Structure formats: structure tokens, C-alpha cells
Amino acid sequence: MYTAQGKINQDALLEEYLPLVRRQALALQVRLPPSVELNDLIQAGVVGLIEALGRYDPTQGAGFATFASQRIRGAMVDELRSRDWLPRSVRRSARALDEAVRALEQRLGRPAGELEVAAELGIELETYHQLLSDTNSGQLLPLDELLQAGMEPVDERSELDAPYSALLEREQRERLIEAIEALPEREKLLMALYYQEELNLKEIGAVLGVTESRVCQLHSQALARLRARLR
């Protein structure tokens with residue numbers, strides 16, 4: 001939308017894209033513990049939307065909706081990171097889980113079963129399931145973070161770095177696709193339903209025939225396998 005002077009009408013765009021902020025907040029909230037309020041995510045997303053309005057350059061080719069979506073989501077994730085609400089003990093357990101999966105799958109040459117991972121960690125299966133539930137609360141857009149680890153935002157890269165960064169991102173994506181293909185079938189289906197079909201936990205549980213809490217556990221387990229392979 002443009003004014004009579006050919007400039008972007010920011011007020012009109014802000015009003016038009018506020019529903020997008022809410023949709024992104026709802027999509028992110030299902031991945032987080034109940035302590036995270038929807039309104040907090042929406043407020044952070046509005047900040048990202050305002051930032052997008054100020055930085056958008058229509059001459060660069062990207063549509064505003066795409067540009068704004070990235071900024072909105074980034075602002076929400078930054079807000080969550082700033083809280084650092086995941087206990088250190090859970091972070092340590094998550095690292096131990098990743099290491100156990102990595103070591104097991106290297107030795108076995110195949111995806112490790114839950115009983116095998118629990119035995120590797122020296123804990124009971126029930127305790128292992130609780131660990132998966134706890135660590136799931138610490139996953140924020142994990143596939144994106146696996147791809148973007150150590151990389152600068154696209155629009156802040158220098159022109160000289162852009163070809164190398166694009167190559168690096170493509171290689172990372174290829175590795176991630178290979179890692180997903182190596183997942184057990186149920187976990188592979190879960191990832192597809194979650195990230196491609198964008199189903200929520202309840203809907204995925206209905207497809208898989210399990211509870212929402214079990215979906216969270218399987219999701220954590222799949223992420224541990226992906227991190228192990230990508231490292």
C-alpha cells in the first residue's frame with residue numbers, strides 16, 4: 001500500500017499485518033511451556049513488524065509479507081532467548097542426551113531405541129521420557145536454529161560474504177535433509193506434520209495415535225538425533 005506520494009503507508013500495513021503477528025505467536029506458543037504468555041509473544045512480534053516497516057526496501061525484490069514474517073518471528077525468538085527460562089540442570093541433561101544419542105548411533109550404525117538411550121544414560125525408561133518432556137520445553141524453532149547456527153542474518157551480510165553464506169546455507173540444508181531422512185519413520189512423519197503441514201501437537205497426536213505429551217517426547221528425541229548427526 002502506498003500514499004499519494006508513492007511512499008509506503010505504514011499505518012495501513014501495520015493494521016493489515018497484525019493478524020499475521022497473532023498467527024505466528026499461536027504457532028510458536030504450542031512449542032513452549034505454559035508459562036510463556038501469548039500476549040508477550042504478540043507484543044514482541046509487533047515490535048518486529050514495526051522494525052520491518054522501517055527497514056523494508058521494495059526495490060530489493062522480496063515481498064513485504066515474506067520480509068515481515070522473518071522479522072516478526074525473529075523478534076519473538078529474541079524475546080524468548082532473553083528470558084533464559086530453561087533451568088541449567090535441564091540444559092545439562094539435554095547435552096547429555098545429545099551425547100548419548102551421538103555415541104550410540106555411531107556404535108550401532110542405526111537410530112537407537114528409547115531403551116538403548118535410557119541404558120546409555122543409566123536411567124529408567126520413565127525417567128528418560130520425563131527428560132524428553134523437560135528438554136522439549138527448551139526447543140525454539142529448532143530446525144531454523146540448526147540451519148542458522150553461526151550465521152548472520154541474511155540482510156546483514158556483506159555483498160562479498162553473500163555467495164559463501166549462500167553456499168554454506170545450502171550445504172547445511174542438504175545435511176539436514178539427509179539427517180531427517182535417517183530418522184525412524186514415526187519421527188520422520190512427526191517432523192513433516194509439524195514443520196511442513198504445521199499441525200499442532202493435538203492434531204499430530206491424533207494422526208500418530210498418541211497423547212500430546214508423547215508427541216513432545218518424540219519431538220525431543222528426533223531433535224537429539226538431528227543434532228547428533230549434524231555435529
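The crossing of helices H4 and H5 is right-handed, meaning that the near helix is turned clockwise from the far one by less than a right angle. Helices here are DSSP runs of H or I with at least four residues, numbered from the N terminus. H4 covers residues 88-108 and H5 covers residues 114-121; their axes come within 9 Å and cross at roughly 115°. Those axes are lines fitted to C-alpha atoms over the stretch in contact, with angles running from 0 to 180 degrees between N-to-C directions.

Before I go on, this is a predicted model: local features need pLDDT of at least 70, side-chain atom pairs count only at pLDDT 80 or more, and totals for chains, interfaces and linings use all residues. Residues are numbered from 1 along each chain as its sequence is written, and side-chain values use heavy atoms, leaving out hydrogens and water.

On the H4 side, the residues in contact (heavy atoms within 4.5 Å) include Ala96, Leu97, Ala100 and Leu104, and on the H5 side they include Val117 and Leu121. The contact of H4 with H5 divides into 9 nonpolar residues, no polar ones and 3 charged. For the classes, Ala, Val, Leu, Ile, Met, Phe, Trp, Tyr, Cys and Pro are nonpolar, Asp, Glu, Lys and Arg are charged, and the others, Gly among them, are polar.

Now, how far does the confidence go? pLDDT, the predictor's confidence in each residue from 0 to 100, averages 78 over the protein, and 77% of the residues score at least 70. H5 has the highest mean, 95, while H7, residues 142-148, has the lowest, 50. Residues 147-161 stay under 50.

Next, salt bridges: a side-chain nitrogen of Lys or Arg within 4 Å of a carboxyl oxygen of Asp or Glu. The whole structure has 11 of them. Glu185 and Lys188 sit 3 residues apart in H9, so about one helical turn separates them. Lys188 is buried at 17% relative accessible area, whereas Glu185 is exposed at 59%; buried means under 20%, exposed over 50%, partly exposed in between, with a 1.4 Å probe and protein chains only.

Finally, Arg225 meets Glu187 at 2.8 Å. This pair links distant parts of the chain, H11 and H9, 38 residues apart. Arg225 is buried at 4%, and Glu187 is also buried, at 4%.

Methods:
Helix = DSSP H or I, 4+ residues; strand = E, 2+ residues; numbered from the N terminus.
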